[in-house]
Amino acid sequence: MPLRWLLAVLTLFLPATAFALTPVTLCNGQTIEPLPDGRMLGHIPYPEGNPADMVVIPGNFGVGRPCELHRDAAAAMSALLAAADQVPEVKGKLRGVSCFRTIERQRQIFCGQIGPGKRCKDAAERAKSSGPPGYSEHATGYALDFGIRPLTRGCGDVSDCVAETAPGKWLLQHAPEFGFELSFPPGNAQGVTWEPWHWRWVGLSADAPGAATARALFTTARTRFPASPAVLDLSPEWQKAIQPQPAPTGTPAPGQAWPK
């Protein structure tokens, strides 16, 4: 694990008194004091991943801009998308609305919706649906927001109605089988709105390639604010059993391989 990441993770376990609680200016006119445990408006601090570790998910997966994820999460995403394509109602419909974001990009997204005529009146209101800069899982490169294309009538991106669509239901049932878990379930203690579109990768087990690093970053989230559905470590035998099997040459892939 890179030293700068290790130091950032260690700060999550320091006693509350270790934090100076110095107010932080998140946006113009929005200076907020962190909580005693280092969180900001309920959100956990996260370091920015190394851009050199990010890879673009191929095809037209990204919406508006390429979807970049850490290479370890990207490998799992490729497997997830291949499995989703075995289900007619889901095939080709999952997209990445937002993936890896730099802290500066997160600042633009967070602050751009605060102020007169904007969606939110202040940072506290904005934090109900978005992490402040420096406090977003997206900065790690292990998290993404799924979107559905074509859009379902009456259900846009980052809406909880995503959970009622066929792709959304499939994710809730199968995403943990590829090491992804839902960061913000209904009624989560962080005070973030239910986000059935936002998933983070932690690997199928601590021994999966790259999973130890991802899990270290999300230790506080996973212990104090559990995901649901969450990844439950599986034995190697079970991991092998649930992986989609390639269709025999010359025959169509069996749609029933993945339950609807």
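Author: What follows walks through the open sheet, then its cover, the pocket beside it and a few loops.

Start with the setting. The model is predicted. The protein chain holds 8 helices and 8 strands. Of its 260 residues, 45% count as buried. The chain exposes about 12,500 Å². Carbon and sulfur atoms supply 58% of that area. Among contacts with a separation of 6 or more, 64% join residues 24 or more positions apart.

Now the sheet. It is open and has 4 strands, in the order S5-S6-S8-S7. The pairing is antiparallel. Strand S5 (94-98) and strand S7 (180-182) stand at the edges. Each has a single partner strand, so one side of each is left without a neighbour in the sheet. Neighbouring strands are turned by 45 degrees against each other on average, direction ignored. As a general point, strands of a sheet pair through backbone hydrogen bonds, either parallel or antiparallel.

Take the pairs in order. S5 and S6 are joined by 4 bridges and run antiparallel. Here Gly96 stands opposite Phe146 in S6. Next, S6 and S8 pair over 3 bridges, again in the antiparallel sense. Ala143 has Arg200 in S8 as its bridge partner. Last, 3 bridges join S7 to strand S8 (residues 198-201), and these two also run antiparallel. Glu181 has its bridge partner in S8, and that partner is Arg200.

6 of its 6 residues are buried, so S6 is largely enclosed by the rest of the structure. Both of its faces are covered. On one side sit Ala143, Asp145 and Gly147. On the other sit Leu144, Phe146 and Ile148. Phe146 is the residue that Gly96 stands opposite.

Next come the helices on the sheet. Helix H2 (residues 71-84) lies across S5, strand S6 (143-148), S7 and S8. H2 runs at about 85 degrees to S7. Helix H5 (residues 166-174) packs on the sheet too, touching S5, S6, S7 and S8. The direction of H5 makes about 145 degrees with that of S6.

The largest pocket has a volume of about 760 Å³. It is lined by 36 residues. Closest to its centre are Ser98, Arg101, Ile109, His138 and Asp145. Two elements give two or more residues to the lining: S5 and helix H3 (103-111). Asp145 also belongs to the buried residues of S6.

Val63 sits in the loop between strand S3 (54-56) and strand S4 (68-70). Leaving aside residues up to four places away in sequence, Val63 touches Arg95, Gly96, Val97 and Arg149. Val63 and Ser98 are 35 residues apart in sequence, yet their C-alpha atoms are 7.6 Å apart in space. Is Val63 buried, partly exposed or exposed? Its relative accessible area is 24%, so Val63 is partly exposed. The cut-off for buried is under 20%.

Most residues other than glycine have a negative phi, and most peptide bonds are trans.

Two are cis peptide bonds. The bond from Arg149 to Pro150 is cis, with omega near 0 degrees. Pro150 lies in the loop between S6 and H5. Arg149 is also one of the residues that Val63 touches. The bond from Ser228 to Pro229 is cis as well, with omega near 0 degrees. Pro229 lies in the loop between helix H7 (219-224) and helix H8 (236-242).

Two are positive phi values. Val158 is not a glycine, but its phi is near 45 degrees. Val158 lies in the loop between S6 and H5, where Pro150 is also placed. At 42% relative accessibility, Val158 counts as partly exposed. Leu41 has a positive phi of about 50 degrees, although it is not a glycine. Leu41 is found in the loop between strand S2 (30-32) and S3. Leu41 is partly exposed, with a relative accessible area of 25%.

Conventions. Residues numbered from 1 in each chain as written. Predicted model: local features only at pLDDT ≥ 70, side-chain atom pairs only at ≥ 80, totals over all residues. Heavy atoms only, no water. Buried < 20%, exposed > 50% of the residue type's maximum accessible area, 1.4 Å probe, protein only. Contact = heavy atoms within 4.5 Å. Areas by Shrake-Rupley, 256 points an atom, 1.4 Å probe, with all protein chains shown as cover. Pairing = 2+ DSSP bridges. Axes fitted to C-alpha atoms, helices over the stretch in contact; angles between N-to-C directions. 1 Å grid on protein atoms, 1.4 Å probe; cavity = no way out; pocket = protein on both sides within 12 Å on 5 of 7 lines; lining within 4 Å. Points joined across faces, edges and corners; volume = space filled by probe spheres on them.
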